Amino acid sequence: MSISARYTRYLVFALVGLTFFYLVSKSSLQIPTSSSFAPPPPTYEEVKEEKTNSQVPTSNERVNATFVTLARNNDIWDIAKAIRSVEDRFNRNFHYDWVFLNDNEFDDEFKKLTTALVSGTTHYGVIPKEHWSYPEWIDEDKARAARLEMGRKKIIYGDSESYRHMCRYESGFFFRHELMMNYEWYWRVEPSIELFCDVPGDPFRFMKENNKKYSFVISLYEYIETIPTLWDSVKGFMKSHPEHIAEGNAMEFISEDGGESYNKCHFWSNFEIGSLEWLRSDQYIDYFTALDKDGGFFYERWGDAPVHSIAASIMLKAEEIHFWNEIAYYHVPFTHCPSSEKTRLDLRCHCKPSENFDWAGYSCTKRWFDVNNLQKPDGWDSKQ
Ligand SMILES: *[C@@H]1O[C@H](CO)[C@@H](O)[C@H](O)[C@H]1NC(C)=O
């Protein structure tokens, strides 16, 4: 190539470059200035609007159901992780709604992130004061003394006041929150939980079509120190409301002497898929009201897990309660991982089978299978 030909080429390149630069600078393709490198973050309203405009078509196949999470603003990263897990393993295909409840207002950071992560519509509710405070029949001095005493004994959350309000709220009120009144089914999700397998099909639809009212993935024994008089209270309720006790119930799961005493087995309620209509029934409300009057949410430390579990076990038919082998789940410190290798591979699970809690000594799941004459999944008795 001659020297002049080379220079001609350079000239052409330079001209093309200059023309391009000119056109770009005339068009909207602005060369960024330093301030536009850092645009102001979007507001919650903007995130919400953008999402509404790009909404994936809603499915007619959905059941009238929602996810529900009780959280605080500072749970944001733990709840983000839980949502990611639920979306990746299930909800991205369904876009179910998600209701967030808090005893204070959610801030914009929380609302923006969760709205962006959830594929369905998100709703944010504040818990009414009267559902998160002392009812008038509670002696607050007695409650305070009980907290101090349980704190001294190092009982888990024994000294916590807000934990007690939370347990009472989950036991008797979340399903009556005005936002929850728009649904028939709920799936409770707590911060930091994980799902390890693809969820096959739609659990809400399964519940509805198979006439299930309550379901669980992990069951275990409760610390007796938190509920010394709970069973007395339950017995009082059963005596005054025999009409609410179901025939063919699962009493055998929770009592080894026909209802005389409680064996402390309960479904671990940080995961639940269940019927809101059942929780809103006279049957359940009468039960909660009776327990609440006895004061054990404050004078002891009754958890919503034994409260829900006892209700389900005495007021539902055993077959209305469902165990989800397919929903592999973690909430500190326990894991449910399907026992069968075939199930784990089919559902692309990433849980470690040796961490499965189902058949461990402290679990009640083996008892659930035994008292209901259910066939245990393949691999349940293999040493992992
Ligand atoms: C969903 O259930 C709620 C509570 O029963 C009801 O008020 C609402 O109309 C239902 N929505 C649909 C779309 O069926």
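Two strands are taken as paired if DSSP finds at least two bridges between them. In this predicted model, strand E2 (residues 97–102) and strand E3 (residues 122–126) pair in the parallel sense over five bridges, and Trp98 stands opposite Thr122 in E3.

**Sheet architecture**

- Seven strands form an open sheet with mixed pairing, in the order E3-E2-E1-E4-E9-E6-E10.
- E3 and strand E10 (321–323) each have a single partner strand and stand at the edges, so one side of each lacks a neighbour in the sheet.
- From one strand to the next, the twist averages 20 degrees.
- Strand E4 (residues 185–188) and strand E9 (residues 272–275) run antiparallel and are joined by four bridges.
- Within that pair, Trp185 has Ser275 of E9 as its bridge partner.

**Helices against the sheet**

- Helix H3 (residues 76–89) lies across strand E1 (65–70) and E2, and runs at about 160 degrees to E2.
- H4 also packs on the sheet, where it touches E2 and E3, and its direction makes about 150 degrees with that of E3.
- Helix H4 (residues 108–117) carries the chain from E2 to E3 in a β-α-β crossover that is right-handed.

**Nonpolar cores**

- In soluble globular proteins, nonpolar side chains tend to be buried together.
- The largest nonpolar core here has 60 residues, and Phe174, Tyr284 and Tyr287 have the most contacts inside it.
- Helix H13 (residues 304–315) supplies the largest share of this core, with six residues.
- Apart from neighbours within four places in sequence, Tyr284 is in contact with Ser171, Phe175, Trp278, Leu279, Val307, His308, Ala311 and Met315.
- A second, separate core has 40 residues, among them Ala80, Phe106, Leu195 and Phe357.

**Annotated residue Glu272**

- UniProt, in an unreviewed entry, lists Glu272 under "active site".
- Glu272 is found in strand E9, which pairs antiparallel with E4.
- The relative accessibility of Glu272 is 0%, and the residue therefore counts as buried, the cut-off being under 20% relative accessible area.
- Not counting residues up to four places away in sequence, Glu272 touches Tyr186, Trp187, Arg188, Tyr214, Ser215 and His308.

Definitions and conventions
Residues are numbered from 1 along each chain as its sequence is written. This is a predicted model: local features need pLDDT of at least 70, side-chain atom pairs count only at pLDDT 80 or more; totals for chains, interfaces and linings use all residues. Side-chain values use heavy atoms; hydrogens and water are left out. A nonpolar core is a set of buried Ala, Val, Leu, Ile, Met, Phe, Trp, Tyr and Cys residues joined through side-chain atoms within 4.5 Å. Buried means under 20% relative accessible area, exposed over 50%, partly exposed in between (1.4 Å probe, protein chains only). Helices (H or I, at least four residues) and strands (E, at least two) are DSSP runs, numbered from the N terminus. Contact means heavy atoms within 4.5 Å. A crossover is right-handed if, with the strands pointing away from the viewer, the path from the first strand over the helix to the second runs clockwise. Axes are lines fitted to C-alpha atoms, for helices over the stretch in contact, and angles run from 0 to 180 degrees between N-to-C directions. UniProt positions are given in the numbering used here, feature names are shortened, and annotations may be inferred rather than shown by experiment.
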